[in-house]
Amino acid sequence: MNILSVQDLGKNFGGLTAVKDLSFKLKQGEILALIGPNGAGKTTVFACLSGFLRAEQGQVILEGQSLWGLSPHQICALGLARTFQIVRPFLNISVLDNVMVGAFLRQKSVAKAREAALKVLDFMGLARQAHKEAGGLPLPQRKRLELAKALATGPRVLLLDEVMAGLNPTEVDELIALIRDINRQGVSILLIEHVMRGVMALAQRVLVINYGQLIAQGTPAEVVGNQEVIAAYLGRGLKHA
Amino acid sequence: MAKDKSAGEGLSRRAFLKTCGAAGLGAMAISFGVPTLLKAQPKPIKIGSIQPATGPLAVIGQGQRRGNQMAVDFINAKGGIKSLGGAKLELVLGDSETKSEVGRSEADRLIKDGAVVLVGAFESGTGMAVATLAEQRGLPFLVDVATLDDITQKGYKYTFRIFPTSTAFAQRGTDFIKEIMAAKKLSPKRAVVTYVGDAFGKTQGGFFIKHFKAANTGIEIVEEISYPLGIPDLSGEVAKIKAAKPDLLFPICRPGDSMILTRELYKQRVELMGIISPGSPGWYEPSVVRDLDKLALYVMDNVPWVNPSSPVYQEANKLFEEKYKAYLDTNTGWAYTGVLVIADALERAASIDPDKIVAAFKATNFKDHPMVGDAVQFAPNGDNKNATTAMVQVLPEADPLKRVKVVLPKKFAQAEFTFPAPQLWDRG
Amino acid sequence: MNLALALQLLIQGILLGGIYGLTAVGLSLIFGVMGVINFAHGQMMVMGMYISYWILVLLGLDPYLSLPLAAGAIFILGYVIQSTVVNRILDFPEAMQVLPLVAMGLILENLALLFWGPDHRSPSTALSLAAIPLGSATVDVSRLIAFALAIAFTVALFLFLKKSAIGTRIRAAADNRLGAQLVGIKVDRINNIAFGLGAATTGAAGALLLPLMPVSPHLGHDFTTTAFVVVILGGMGNLLGALVGGLILGVTESLATLVLPATLKQMISFGLLVVIMLIRPQGLFGGRR
Amino acid sequence: MRRLYLLLGLLLLVLLLLPLVLDKYALGIFVMIFFYAYLGQSWNVLTGYTGHISLGHALYVGIGAYVSTFLAQKFGLSPWLGMLAGGLLATAVGLGLGFLGFRFGLRGVYFVILTISCAEIARLAVSHIDAVGSFSGIFLDFNPGFYNFQFRGNVPYYYISLGFMVLGSLAVHLLARSRTGRLMVAIREDEQAALALGVNSFKYSMTAIGISAFMTSLAGTFYANYVYYLSPNSMFGMGLSIDLILRPIIGGLGTVLGPIIGSFVLTPLSEVSRAYFAKGGLEGMHLVLYGVLAILVVLFMRQGILVYIKRALKPLLKLED
């Protein structure tokens, strides 16, 4: 069963095509990775799915409901949450308060939201930081906080934008385990990732895009061997060499 | 010229810095009376002066302070309040910053500092706020300058005013204009009124227009132009004046805009028989007469002016000229008179009890003042029954400080008026 | 409707618009580079007016001749304000950036009051009464000069930013502060110069206004507000836009007096401002958003 | 935390007893302290907590003052009720302004200019409405009595303004701890990130401006019946808008105690310096010092004075961060 289906998505910036005729489906309970060289349009896809950008064409269906024209907060309320590539914690309030903002989406009372947020923090291993100001956290913990906030909104689908970038291998491994856990709890995940170790470990399927178009898809192993994918990455590399 | 001499008044830089620090520490507890050497036993009687010493009306407010202070010095030089054992007067100063609530707060501070009478406030909004406060506190308040009728129409017991109201201005102004036209056998047909867009301009202008229209002068007011106070550009307004083809211009200004108005009339070659202000600042101040020079000549203004033949005036004006290089005009003159009227009431009350002072105010019959008009006497509502205006005109004279002359009423006139005036650009 | 009057108002609107434009160019430059609104702008202009006033009174030098001195003095003032205050607040939340500059305006205004007293000073200059008759209308010579110089200054400033080495650095710093720093530009110094330049045009505007209106300590505030309107109309940070925005505002306000009391003409400008912001927030001619 | 509340309670008790020992002038200063603290608190809701900078809050003060005064003069309605009417109108106007600003995405400087413009437009409009005195403004009659919101001495004004400050701060305190308040803070911190977490930023921004406008306008009614004179320039002008934001900025933005502390520092300072420099020749000096102080505070205490006070009291009160 597909929880999210994307049909012929298209987005231009001025005359520049960022995404073109992109179609894919995210299955219930699946972890799907979206990869591609820098500037391939991955983040634009996320922005279109989460309502931060208006796509010019195409259809996005979440559990049978069209997301066309909805604003980000409505999309989030329907069960699709996202993180940002450059993490955006609310700097001047505590970690707990940060996560509570997400929890308020489902919990109307402060006490219940706090309870829910604490649970998420515990799960993410941030319980000891709960009362610290978010601005004081180091990057790895900020990454977790970013995830915790999104998780607190109780999503059915989670879009993760490079949550592993900038982490050391141990931290990556911890995060992989966490994301697996999240997935096991029934959250379907679409992730953009450059850390291939993460992609290989997590993704059941991989989509590769370049210049806003889908150029390959399949299991991680299949995609890695795909000539076109190699050309996309290497070709670009050669040009710049 | 940059700054009058009182600025240096005994504050060295170090003393200044030191006291600043003290002010920070001592907060409200400090009282700031000027230390004086007292030979006589009785304590000085404090008069609280609230004037707009900063803010857009500062030019007038600071003059008002000088007027108040000079009268205090005058009374003290004459031996103070004799019925109170020769007690000296002391002026305690408040600055309204041209804001009503600041004026109110300042009045309260002056009361705390021991003021037994308040005087002020030039600007009618502050005047109103202080009048209400005086009523709340039960302390007499003498309005030295402020025209708004409302101040004395609230039935307040503690407020008195020596200055004419907007109504009085409008009536006198209309009469004078009729008199001028009759004397010169002229029958102008069209006139334009301009007024500034603030409380003063609106009331002064509105009352004048109403009276003038009702007075059957044969002169039609063809255009009423109000303009904002902000950026002083009157080119559009003057273009409208020119298009209305008036014979006469009746402007109501604040200091500053009068200069732009006149220069603009010159540049756009607006032909007029003359400029007659129904009563407003901006035409008789030393700085205006000096800066506009020939363009200021022949402007007439209907104001409660000084009485040139009064010995009180002559004495006061001499001092004022020596000290401030300026002459006593309508505002400073009434500020001076205000304190004289207070001293007179204190003398007769022989007490600083507010209600006794109020009783003394009510019985005032004060002749020895420097202004035109009869003795100051208060009507039941607190207005000066005999407050009146004169028509003054700026006339050619080598010394700019002597150019403003009373021309009407005849009783007080220093010179014949010139009317119609030569056009602005025909003055050599 | 009176055609002669309309023509006269149109002429005056255009000339006044040039002056509005000149007062706004500096504000626009400062916003474009630093992203802060200089709430002390009008007061800086008044300082320029006082400087040319005193040069005229003490040395007898006409404001048009003392203009470089006024501009230079206000350049230094701007440079000092930027280096002592504004550079330190660039990273502050916007609400915190407002206060220091408002306070700076308060300080300048009251320093003028302390030093020179509250008088309205309006000296006669060589050209303060000159006017050229043009049919039924007249053209004010001081305004015409101010208008011409306003255009000249704006174009000169524009070219300076485009062509000169310092100009290029200023643009780089405006574009990306961090990036400019990385390529070795001393951003703080460049900011000082940019603020100084913005201030200098304002000082020059002050000198040009002296023959037109009396100077007094409290004149500044309304010029700041008007300059805002102009800058938004033209697009924040767009210098030529500021000039055109000034013209639009001048003409609109002037012609509005045909049908409205002059006291309401500002309402037209603020109304226009709101509408422009809603439908074209980048300003009529584009700018930094 | 408990000790902090204890301390605040004690301070409140002192404030309640102060009129026993203070003269009218000192009470008047306290009235202004409370008045500006309350105004700062009201502004704080929109700017300090939600992050939308308003430099036109005089608009709501003016509406509150004019509406209640107009109703009292025309229909004899008690200002206590007129105050609510003014509050409702101010809320409606605030929501209208908010709609334009938030719907059309005006943020930062653009929102600032929108607020200035709306206040200026209101000032000019009121200047041309004869029913409320146009340029001349309104002169209130003085008829002391509770019904009329007018009193002879300063003591009633003292307690009313104290009540405004305490209740206003309590309301903001409760708001800040509520779901709504927390979502407002999220919008202030990062509107995009808040949107991504399902926060309807438009709705909560509107709520903030509505509450802020309502609270602000109540102070207008107080002002009218304290000063007895209203004019378009003083009630709707930019001067008041700037005056009312100084205290929360200096005390600490987005905190409940910030506006109060700011007002306790700034209001007496302006009074004392004005009184000190009242003598002739130094006109304007107090405003220069005021300006210098404001700059110094922002430069060297960028989070406001409150942070330093907290730090100093930390050991005493066992405060958490």
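How many salt bridges does the count come to over all chains? The count is 35. A salt bridge here is a side-chain nitrogen of Lys or Arg within 4 Å of a carboxyl oxygen of Asp or Glu.

1. Ground rules. This is a predicted model, in which local features need pLDDT of at least 70 and side-chain atom pairs count only at pLDDT 80 or more, while totals for chains, interfaces and linings use all residues. Residues are numbered from 1 along each chain as its sequence is written, chains are lettered from A and ligands numbered from 1 in the order in which they are written, and side-chain values use heavy atoms, leaving out hydrogens and water.

2. Which chains touch. Chain A and chain B have no contact; their closest C-alpha atoms lie 33 Å apart. Chain A does not touch chain C either, and the nearest C-alpha atoms there are 12 Å apart.

3. Chains D and C. Here 45 residues of chain D are in contact with 43 residues of chain C. About 3900 Å² is buried between them, and carbon and sulfur atoms give 82% of that area. Buried area is the accessible area (1.4 Å probe) that two parts lose on being put together, summed over both. Zero salt bridges are counted between chain D and chain C.

4. Chains C and B. In this pair, 44 residues of chain C are in contact with 37 residues of chain B. The buried area is about 3400 Å², with 58% from carbon and sulfur atoms. Four salt bridges are counted between chain C and chain B. C:Lys265 and B:Glu237 meet through their side chains in a salt bridge, at 3.5 Å from N to O.

5. A salt bridge within a helix. The side chains of A:Arg184 and A:Asp181 form a salt bridge at 3.0 Å, N to O. Both residues lie in helix α6 (residues 169–184) of chain A, three residues apart, about one turn of the helix. Helices (H or I, at least four residues) and strands (E, at least two) are DSSP runs, numbered from the N terminus.

6. An oblique helix pair. In chain C, helix α2 (residues 41–59) and helix α8 (residues 187–209) pack at about 55°, with axes 7 Å apart. Axes are lines fitted to C-alpha atoms, for helices over the stretch in contact, and angles run from 0 to 180 degrees between N-to-C directions. α2(C) and α8(C) are therefore oblique to each other. Angles under 35 degrees count as roughly parallel, over 145 as roughly antiparallel, 65 to 115 as roughly perpendicular and the rest as oblique.

7. Helix α1 (residues 3–34) and helix α5 (residues 141–163) of chain C pack at about 30°, with axes 8 Å apart. α1(C) and α5(C) are therefore roughly parallel to each other. The α1(C) residues in the contact include C:Leu15, C:Gly18 and C:Leu22. Among those from α5(C) are C:Phe147, C:Ala150 and C:Phe153.

8. Backbone points to check in chain B. The peptide bond from B:Gly120 to B:Ala121 is cis, with omega near 5°. B:Ala121 is in the loop between β3 (115–120) and α4 (124–137) of chain B. Another cis peptide bond joins B:Leu408 and B:Pro409, with omega about -10°. B:Pro409 lies in the segment after β12 (404–408) of chain B.

Technical notes: Contact means heavy atoms within 4.5 Å.
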